[in-house]
Amino acid sequence: MQTKINLDQFLVNKEVTLQTEPGLKEIYYKLEEATKKISHVVNHAALVGILGKADKENVQGEEVMKLDELSNDWLIESLKSSKYCAGVASEEMEDFISFDQCQNEEAKYIVLFDPLDGSSNIDTCSAIGTIFSIYKRKSKGELLLSDFLQKGNDILSAGYVIYGSSTILVYSMGHGVNAFTLDHKEGEYILSHEKIQTPTSSTILSISFGYYNFYEKRVLDFCHWCLEEDKATNRPLTQRYIGSMVADIHRNLLKGGIFLYPATTKSPNGKLRLQYECNPLSFIQKQAGGKYTNGISDILEIVPTELHQRVPIALGSSDLVDKYLSFK
Ligand code: P6P
């Protein structure tokens, strides 16, 4: 019987980054605290809805709020209580928030998150997720917008929590990718996947063909290549698209595959946000041996110009990303 290791024990005993950045342990404790609450309420979403309608209160004894607003508030509340966190930015909020402690020297970190990505899928019980990234602040004193506009290669740590048939926290601090499954009985994240490496090749293509008529030629050429029959290269690929990025990315991380949300004639920058989705998930891919691109260059090298900017993205198994990039 394998010895159970929880996330806190793993961070203290195995995460080398904590030797130079000890404050990250508390930041992760706060992320655990908030995402355990989110997991509970997401797993009872329908009940929350019913209770809210009948008694005007949800299972948490609070005024019913949309689950993504509730998740956003819980993440802010938890991170605000850490002396190491100077402030946060959320995909749900226009501007970043500075915490009272931001002037203190210990408040070295900032956290950006999408509190409940894919929340439109919650009423059909599809997997959704929280996506986060942690940077060291660059400024002294008051937090500045520039602190939140650092490129993805400056990420100190990033990850996501997928709320599906299990709740799994996947993270990296630049020394590989590890995943922890929430043991609801014990209320702990337990190590379940160590040193994840995404397969270099795969038979999974994740893209929405709803925009088929709005994609540029190279995207369609790649898709046609994926769907051609060629036994030697295991084609045609299988098409899997959930419409919840964390769910699509997590499946592909473990099984291999390529996920694309390209630019379209209607959305020339695509839909997905650089700071809240593309950078943290590309950071994870990089650590798991996968590849990631905006179709032209390294997403993690893009210097953001605004907090909510969008970028086209393709990421996953290196062979498939290389093939995609070979189409011009
Ligand atoms: P579409 C969810 O709204 C999301 O931000 C991602 O999680 C997901 O990959 C994408 O949008 C789905 O977008 O246009 O296919 O509905």
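Predicted model: local features only at pLDDT ≥ 70, side-chain atom pairs only at ≥ 80, totals over all residues.
The protein is assigned two domains, domain 1 (7-193) and domain 2 (204-326).

**How the domains meet**

- Going by C-alpha atoms, the centres of domain 1 and domain 2 sit 24 Å apart.
- Domain 1 brings 46 residues to the contact, and domain 2 brings 31 residues.
- Between them, domain 1 and domain 2 bury an area of about 2800 Å². Carbon and sulfur atoms give 62% of that area.
- Over on the domain 1 side, the residues that lose the most area to domain 2 are Leu149, Asn153 and Tyr160. Put together, these three account for 22% of what that side buries.
- Two salt bridges are counted between domain 1 and domain 2.

**Salt bridges to look up**

- As a reminder, side chains of opposite charge can pair when their charged atoms come close.
- Glu301 and Lys151 pair up through their side chains in a salt bridge, at 2.9 Å from N to O.
- Lys14 and Glu194 form a salt bridge as well, with 3.2 Å from N to O. This pair ties together distant parts of the chain, 180 residues apart. Lys14 belongs to helix 1 (residues 7-14), while Glu194 is in the loop between strand 8 (188-193) and strand 9 (204-206).

**The second largest pocket**

- This pocket has a volume of about 330 Å³.
- Its lining is made of 22 residues, and those closest to the pocket centre are Asp117, Gly118, Gly243, Lys271 and Arg273.
- Which elements give two or more residues to the lining? They are strand 3 (109-117), helix 7 (245-255) and strand 11 (258-261).
- Strand 3 supplies the largest share of the lining, with three residues.
- Sorted by class, the lining residues come out as eight charged, seven polar and seven nonpolar.
- Both domains take part here: domain 1 and domain 2 each give at least three residues to the lining of this pocket.

**Backbone details**

- What is the peptide bond from Arg235 to Pro236, cis or trans? The bond is cis, with omega near 10°.
- Pro236 itself falls in the loop between helix 6 (217-227) and strand 10 (238-239).
- Lys195 isn't a glycine, yet its phi is positive, at about 50°.

Definitions and conventions: Residues numbered from 1 in each chain as written. Heavy atoms only, no water. 1 Å grid on protein atoms, 1.4 Å probe; cavity = no way out; pocket = protein on both sides within 12 Å on 5 of 7 lines; lining within 4 Å. Points joined across faces, edges and corners; volume = space filled by probe spheres on them. Helix = DSSP H or I, 4+ residues; strand = E, 2+ residues; numbered from the N terminus. Nonpolar A, V, L, I, M, F, W, Y, C, P; charged D, E, K, R; others polar. Domains from an automatic or database assignment. Contact = heavy atoms within 4.5 Å. Buried area = accessible area lost by both parts, 1.4 Å probe. Salt bridge = Lys/Arg side-chain N within 4 Å of Asp/Glu carboxyl O.
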